[in-house]
Amino acid sequence: MSQHRRRDPRVLKIIRNRLHPLHGQYVDSSTIKQFGPSGLLRKFPHRVGTIAANGRRRINRLGGHAPSFSMSQPLEALVNLPLHQVKQPEFYILVVLDCVAGRLTEHDKDCLGFAQMLANRKGQAGAVLAVIFGESKDTDLTLFGIDRLLHITDDAVQGYQPELCCEYLSQIIAQFNPKHIIFPDSIFAGADLGRRIAAKLALSVATSAWKLVEDELTCRASQGLSDIKSPLTDVILLLEQAYEPTSEYRYETLLLDIPKIAMYKSSLQDDGLVEVDPSQIPLAEAGFIIAGGNGITDWPLFHRTAELLGATKGASRVAVDDGFMARDRQVGATGTWVSAQVYIAVGISGAIQHLQGISRCEKVIAINIDDSCDMIKRADLSVIGDSQAILAELNQLCLQTKKVVDDVA
Amino acid sequence: MLPNKLNVTCLVSIGMHPLSRRARRAEQDARAVELGLNLAESSQHQLSVVHAGELTSEAEFALSSYLGMGLDELKVLSIPPQLDITSALTDYVRSIKSNLVIMGQQTEQGDSSAMLPYLLAQALSIPVVRGITEIIDIDNTRQHITLLQALPRGQRRQITGSLPMIICIDMAAKAPRQSAVGKALSGKITPVSVNLTGLDPVAVKPMLTATVRPKRLKLIKAKTAAERFKAATAKATNSGGKLVYDPQQGAQAIYDLLKQEKLL
Ligand SMILES: Cc1cc2nc3c(=O)[nH]c(=O)nc-3n(C[C@H](O)[C@H](O)[C@H](O)COP(=O)(O)OP(=O)(O)OC[C@H]3O[C@@H](n4cnc5c(N)ncnc54)[C@H](O)[C@@H]3O)c2cc1C
């Protein structure tokens, strides 16, 4: 079906005919002359006219008898970017992506943007060769600037296997002889892998690089207090937001064959993640936080729920000032800036000082008795009601599931 | 040395206070020394602490705060800043047959490239790991070491590796003990002679004051004036948050969301 709005000739006819029995249904009475209680003519300048498909206001002078169309959904802009193709690459720029939990990070995209710039500047036509270790969950990788892709899904590279990854990278570097090798200088994998490969192959390296002017890199040094200049190096570890991600083209993302690795014995063995006591995790790092505010009266219930959920505890300033929580648990402008994946705010009104502290949280859940408070506006899910009742329900729900699991075991 | 005792070496650098810029013990290196001291105190492993660099009075002041943690001796390979310390350290670690090298991840001054552990490991052909917070266990007979590594979001990963090995300590490791002036005075700094002629020169890059990095602006790719106006004035409003008014349904909704985020 076409997305264009159509005019209905029958409706138009009814609207023109003031004596038609259905006239009232189609005509917006607000645009007809109205007089206020004092007898003055009321005007509604904002209600004049309609918004056309191109987003502009159209004013019809037919006075009340004009058809009024409500604004339909704006037409979805079709992403129809031109395809950037590199048939015969003059050289390669290798980018090793973090791909945290199978998804490209913003940092990865910045690095790819930087690599595309390196590949295409000064009229050259290089290709960006990206390497992803482990699974990739991104459905469409073509938008981010990957010309060629090496996707290494070997079971052995799951988890922490820096030496094996290095082995793969050495092979790839030997095969493609890239002009530059770019890593995100991130705690996930890039910082470690990049330095490993630079040391292993005795390549020149620039760390914490954030700017390129002509052929000169600027790198952060001494705890971010100094900058040093360096010529373009073989290995470049790029800081976050050093370069804009690509946005002008789609890219081929051709899958290439992965080099074979001979039998390899790593001297490091990954024993897996260790259970961490959530109360020990520093608030700034915690991925799952439940925070309590002035709307909590039953604090033992709050603590029990936090422990059942396995969440790190936080608090608003009021809860801290009143002595219910320790000072180091305060979230907000004068407390800790948190970056949790899920943040549950129980009985917190959402003062600006508090909202600042949670601006980097991904999903916010609010529990509050007042459905007009600012926290609700920020939240992805809000439960309105007495916090004690809701926490008790949540508590029970967790206990039930736990019991079922225990019974089965 | 007893055969079942490890020869632990801590490498320490001169730190810099980020505000006053005075020399101090480096935070990460102090944590490395703390770990080394714990090893020495609990299992009588042998600990030696080494610094490579020029021995100026400022450096001596910073090094004495490591001594103040309870060390008897701190060895210094005196090398001027225009020479590369990597090969000197490699030779030294090899000559004392160290099985475990503990160091910080990144220096607090200089170009802080954090390359030294990797270069050392490459030169010594031994494994290196980064971001370590704790040594869980050392199995002397099988020459295995079990470590805890810090991950983002406060998570920890357990790693087993074979000795000899280089481990780099994360800021999340146990905080170092205080440095006591009395202990600092009783410890001594011992210079170790180094053959300077064999060392590679390094280019000392000038340190510029860090310029402010531009903040990323929101790119607006609007075609029409109306779109541009909308993008400039639109407030981040409620992103379609769901409202639930019943406690029971609400609790269920929260529970489902946590399940979906794989937190339960
Ligand atoms: C300079 C400065 C810095 C500040 N820094 C911070 C900071 O870093 N962090 C911080 O948090 N604050 C900070 N504040 C304080 C901030 O302005 C607010 O006062 C504070 O955040 C309010 O805390 P609250 O939401 O817990 O309490 P309130 O504003 O009292 O909100 C309580 C909420 O609980 C709800 N409620 C009440 N009863 C129930 C119930 N039975 N069930 C469910 N909900 C209920 C209410 O509807 C209300 O929304 C700062 C203030 C200043 C001036």
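I started with the surface: chain A exposes about 21,400 Å², of which carbon and sulfur atoms supply 52%. These areas come from the Shrake-Rupley method with a 1.4 Å probe.

I noted that this is a predicted model, in which local features need pLDDT of at least 70, side-chain atom pairs count only at pLDDT 80 or more, and totals for chains, interfaces and linings use all residues. Residues are numbered from 1 along each chain as its sequence is written, chains are lettered from A and ligands numbered from 1 in the order in which they are written, and side-chain values use heavy atoms, leaving out hydrogens and water.

I looked up the build of chain A next and found ten helices and 21 strands. Helices (H or I, at least four residues) and strands (E, at least two) are DSSP runs, numbered from the N terminus.

I found three domains in chain A: domain 1 (1-69), domain 2 (81-255) and domain 3 (278-408). The bounds come from an automatic or database domain assignment. The centres of domain 2 and domain 3 of chain A, taken over C-alpha atoms, are separated by 38 Å.

I checked the extent: the C-alpha trace of chain A spans about 90 × 65 × 50 Å along its principal axes.

I then turned to helix α3 of chain B (residues 86-95), where B:Thr86, B:Ala88, B:Leu89, B:Thr90, B:Tyr92 and B:Val93 are buried. Buried means under 20% relative accessible area (1.4 Å probe, protein chains only). Their cover includes β1 (7-11) and α4 (116-124) of chain B. After α3(B) I found B:Lys97, with a positive phi near 50°.

Technical notes:
Buried means under 20% relative accessible area, exposed over 50%, partly exposed in between (1.4 Å probe, protein chains only). Contact means heavy atoms within 4.5 Å.
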